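Please read the text alongside the sequence and the coordinates shown here.

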Amino acid sequence: MKPFSFQTTIENQFDYICKRAIEDERKNYFKYLSRISKYEVSFSNTNDYLINQFSTIDNYSSDLQIFRLNDFNIGVESDLLSEALRNLTDKKRNIILLYYFIDMSDTEIAELLKLNRSTVYRHRTSGLAFIKKFMEEHTE
């Protein structure tokens with residue numbers, strides 16, 4: 001066998017192995033694409049619940065109605081609720097803000113405002129009834 005033909009044989013074998021490796025890699029890639037396509041969903045076919053899981057909403061303090069109470073700044077997002085709270089007496093508004101936004105109990109509110117616990121409860125329930133009535137009247 002001549003050195004030239006031996007060199008050509010080695011080159012041909014190497015060429016074949018390279019082409020085979022590239023072809024196998026191409027097949028593997030198409031298998032991979034086939035596997036992931038089973039789990040992929042078109043963005044236009046997704047429902048709102050799934051899309052909302054990947055979104056975020058920026059909240060700014062300028063979007064809130066701020067109520068100042070002792071050492072607390074309480075932000076209320078709903079304009080209708082903040083309007084209803086503004087129509088309450090100061091005592092009822094303070095009790096509702098402390099109970100629902102600061103998560104204080106009736107006993108803690110009574111101690112803070114120097115009231116009887118039953119008075120706090122009465123003001124809270126009557127304030128909620130007023131807010132409910134106000135919001136029902138003003139909803140569109």
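This is a predicted model: local features need pLDDT of at least 70, side-chain atom pairs count only at pLDDT 80 or more; totals for chains, interfaces and linings use all residues.

Residues are numbered from 1 along each chain as its sequence is written, and side-chain values use heavy atoms, with hydrogens and water left out.

**The nonpolar core**

The largest nonpolar core has 17 residues, and those with the most contacts inside it are Leu85, Leu97, Ile109 and Ile131. Such a core is a set of buried Ala, Val, Leu, Ile, Met, Phe, Trp, Tyr and Cys residues joined through side-chain atoms within 4.5 Å. At least two residues of this core come from each of β1 (65-69), β2 (72-76), α3 (79-86), α4 (90-100), α5 (106-113) and α6, and α4 gives the most, with four residues. The helices (H or I, at least four residues) and strands (E, at least two) are DSSP runs, numbered from the N terminus.

Within helix α4, the buried residues are Arg93, Asn94, Ile95, Ile96, Leu97 and Leu98, and the buried residues of this helix pack against β1, β2, α3, α5 and α6. Here buried means under 20% relative accessible area, exposed means over 50%, and partly exposed lies in between (1.4 Å probe, protein chains only).

Leu97, which is found in helix α4, counts as buried because its relative accessible area is 1%. With residues up to four places away in sequence not counted, Leu97 touches Phe67, Leu69, Ile74, Leu85 and Ile102, where contact means heavy atoms within 4.5 Å. Leu97 and Leu69 are 28 residues apart in sequence, yet their C-alpha atoms are 8.4 Å apart in space. Leu85, for its part, touches Phe67, Val76, Arg93, Ile96, Leu97 and Ile131, again without counting residues up to four places away in sequence.

Which residue does the side chain of Asp106 join in a polar contact? The partner is Arg124, whose side chain makes this contact with that of Asp106 at 3.0 Å. A polar contact is a pair of N or O atoms within 3.5 Å; within protein, one must be able to donate a hydrogen and the other to accept it, and residues adjacent in sequence count only if both atoms are side-chain atoms.

Arg124 is found in helix α6 (residues 117-138) and counts as buried because its relative accessibility is 8%. Asp106 lies in helix α5 and is likewise buried, with a relative accessible area of 10%. Leaving aside neighbours within four places in sequence, Arg124 is in contact with Ile95, Ile96, Tyr99, Tyr100 and Asp106, whereas Asp106 is in contact with Tyr99, Arg117, Val120, Tyr121 and Arg124. The C-alpha atoms of Arg124 and Arg93, which stand 31 residues apart along the chain, are separated by 8.4 Å.

**Salt bridges**

The structure holds five salt bridges, each being a side-chain nitrogen of Lys or Arg within 4 Å of a carboxyl oxygen of Asp or Glu. The table lists some of them.

| Pair | N to O distance |
|---|---|
| Arg20 and Asp24 | 3.8 Å |
| Arg26 and Glu23 | 2.7 Å |
| Arg93 and Asp90 | 2.2 Å |

Arg20 and Asp24 both lie in helix α1, four residues apart, which is about one turn of the helix. Arg26 and Glu23 also both lie in helix α1, but three residues apart, about one turn of the helix. Arg93 and Asp90 both lie in helix α4, three residues apart, again about one turn. An α-helix has 3.6 residues a turn, so residues three or four places apart point the same way.

Arg26 counts as partly exposed at 42% relative accessibility, as does Glu23 at 30%. Arg93, by contrast, counts as buried because its relative accessibility is 13%.

**A nonpolar surface patch**

Tyr29, Phe30, Tyr32 and Leu33 make a nonpolar surface patch of about 400 Å². Phe30 has its place in helix α1 (residues 3-37) and is partly exposed, with a relative accessible area of 46%. Patches are made of residues with over 30% relative accessible area and no salt bridge, with like charges joined within 9 Å and nonpolar side chains (Val, Leu, Ile, Met, Phe, Trp, Tyr) within 5 Å. Accessible areas come from the Shrake-Rupley method with a 1.4 Å probe, and for residues only the protein chains shown count as cover.
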